[in-house]
Structure formats: structure tokens, C-alpha cells
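I opened this structure for the first time today and kept notes on what I looked up. The entries follow in the order in which I made them.

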Amino acid sequence: MIIRKLSILNYKNIAEAELELSPKLNCLVGNNGEGKTNLLDALYYLSFCRSANTGIDSQIIRHEEGFFMLQGTYESETGDEEVIYCGMKRGTKKHFKRNKKEYRKLSEHIGLLPLIMVSPSDSVLIEGGSEERRKLMDVVVAQYDRNYLDSLNRYNKALMQRNSLLKLEVEPDGSLLDIWEEQMAREGEVLYSKRKDFIDSLSPLFQEIYRRISGDKEKVSLHYVSHCQRGPLLEVIHRDRAKDRIMGYSLHGVHRDDLEMMLGDYPMKREGSQGQNKTFVISLKLAQLLFLKSKVGTAPLLLLDDIFDKLDAHRVEQIIRLVGTEDFGQIFITDTNREHIDKILESSGADYRLFEVSGGKIGF
């Protein structure tokens, strides 16, 4: 799936834009804070029904305006057209439509327009808490497995209900705890299995991409860690019920899963340089794209937001070569450095469009 046309009204600092896009390479050049990332975020919104940077929809409406609107015209590999519309007025709920028909549930849209975004904020995958790494797994798996989000939502509902009971001043009803623990265990085992399958398949792709970008200078690995590995999840949850009651929340379950990121035999968080950390995250995201392509049959959109900072010339060159291959589909790249963009255009030989972004205005 590629996007041919993009219309934007009042999205962050972009007042209005009507863009005809290249099916292969779209480059956005401009200084920091001019609106390049906001354009990528609009594409992200059309795929995931939310911003990559904030969960509060009202914050994406341009200052002093009363609404925002996004519309993308997409084309499948078979030539079929999909028109995706999203709009929201302040103080009301957003509307998401596919070919003029509104979705009953927004979750029905997830996976239609697969997308991978790489940005400076991805450093949180290494430096941040386990929640960020679980989100990485959830975002990818949900794009090819439509039942995954349903299981995740049911698990989170059961977790919330169990935690509410654990916080009660009086002793909670044991039979109610049993009900929610059984649902947590049932859905948790499903989530664990699907996350594990994903990481098992992703790891060799990731290691090969890291090897190519780094010039085989370092060895990296991913290790999925879950309470499900300690035995049947229901038993793991149930045996610590007394401790959970003291704490007032659930200490065990797949909501505590993590993804260990290793450089050699040591945590990337502790040992990695800025360049190694960035190479790790970029390799991880590119591997996700190739994995998703194998699952859904089409290359996801790839958004590369200011990714070349802190990388040496060799690694920049290898990334440019890699994303220029036929394995990758439509690509959007932002950079403040026109030289990086020129190198990409020279090496790719692909169809492209170059946009200059200044003060929320997008020209070409």
C-alpha cells in the first residue's frame, strides 16, 4: 500500500497542505521546528488513529483553530484505491472513515495501512522502561493479527478490575478475584505466545541488518522475558495474591513483560555508545518492516525522521543502501542536512519528490 495524495488542515503547525507524493521516495528538508515531523505524524495518524507523540487528540489541532482534518488517497499493489478520512472538532469525538464509510470501532482500521516510523524519540526503547518495549511488540503484532488487540483489551480490562479489588480497604471477594485472574491468565497466555513468535522471527532479521549497518563490528541480540516462562500464568498470578494485596496492584502478568536488548553479553542501555544505540534502534525498526512485509504481503510505509545524526559516514551509507533496495516500499525521509538527502537521491536512482518545509508550509 502506498499513499498517492495527502490533504492536511490545521494539523499541529500545518495550516493547509495538498501533496502529490512519489510512490517510492519522499524527502522533506528544513530546519528543526518547521513542521517536517508533523507531516510524518499525520501519516502515522492515518495508519493508527492516533498521534505518535501524544494520546490527547485536541493537542494536535492547530492553535486557535476549531478542528483538524486529514485525508489520504492510497493505492494497493493491485491498483485498488482506498480513501481514508479523519476529522475532529474541538470538544467532540474524532471521525474515521474508509471510502466515506465510518468505522464502527477504530480497532477495525489497524493493519489496513501498515507503517513503521523511526525517530529520535525511539531512544526511549533502550533508555526507558519496559512499557515502551511492550508497546513496540504490541504495535507490530496488532498490524498483522486482528485478534491481538481484542486479547490485549480483554487482558487490560481484567487487570484493571483485579487491581481495583486489590486496593479495597476491606478484604475483596475471592471468587471475583478468581474470575479476573482466570481472564488475565487466559488472555495473557495468548499475548505471550504471539509476542514470543514475533520476537523469535524478528531476531535473525534484526541481527543481520545490524551486522550490515555496523560493518560486523558488534554482536547484538534480543531476549523476551515474561512471567509466562515461570509456569502456567494462572498459578504464577494466584500464588502471589497475598503480596499483591499488600502492594495494591498486580505484580505478575504479561503487563510486566520486557525485551532485553543486548550488546554482546551486556545490556545495550549500559554499554552502548550513542552511535551503537541509534544503530540498534534503526536496525530493529527496519527488521520490523521486513517482518511485517512477510506477514501482510506488502511493504509498510517507512517514515525516517532525522535518523542520521550521531552516526558515522559508514553507517549512514549502509542505511541509505539498504532502504534503497526493492525490499522497501514507499519511504518518507526528513533531514535538516541537504547533503544527506542529496546522497540518498544519488544512490537510490528511484522516483522521488523533494519538499521544503518552513513555518508549517510545504513546498516543492
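Which strands does helix 1 lie across? I found that helix 1 (residues 36-48) lies across strand 1, strand 2, strand 4, strand 5 (81-89) and strand 6 (95-98), and that it runs at about 110° to strand 1. Here helices (H or I, at least four residues) and strands (E, at least two) are DSSP runs numbered from the N terminus, contact means heavy atoms within 4.5 Å, and angles run from 0 to 180 degrees between the N-to-C directions of axes fitted to C-alpha atoms, for helices over the stretch in contact.

I noted that this is a predicted model, in which local features need pLDDT of at least 70 and side-chain atom pairs count only at pLDDT 80 or more, while totals for chains, interfaces and linings use all residues. Residues are numbered from 1 along each chain as its sequence is written, and side-chain values use heavy atoms, with hydrogens and water left out.

Next I looked at the sheet, which is open, has six strands in the order 2-1-4-5-6-7 and pairs in the antiparallel sense, where pairing requires that DSSP finds at least two bridges between two strands. Its edge strands are strand 2 (14-20) and strand 7 (101-102), each pairing on one side only. Strand 1 (residues 2-11) pairs with strand 4 (residues 67-75) over seven bridges, and L9 stands opposite M69 in strand 4.

Last, I turned to L302, whose contacts include I116, V118, L286 and F328, leaving aside residues up to four places away in sequence.
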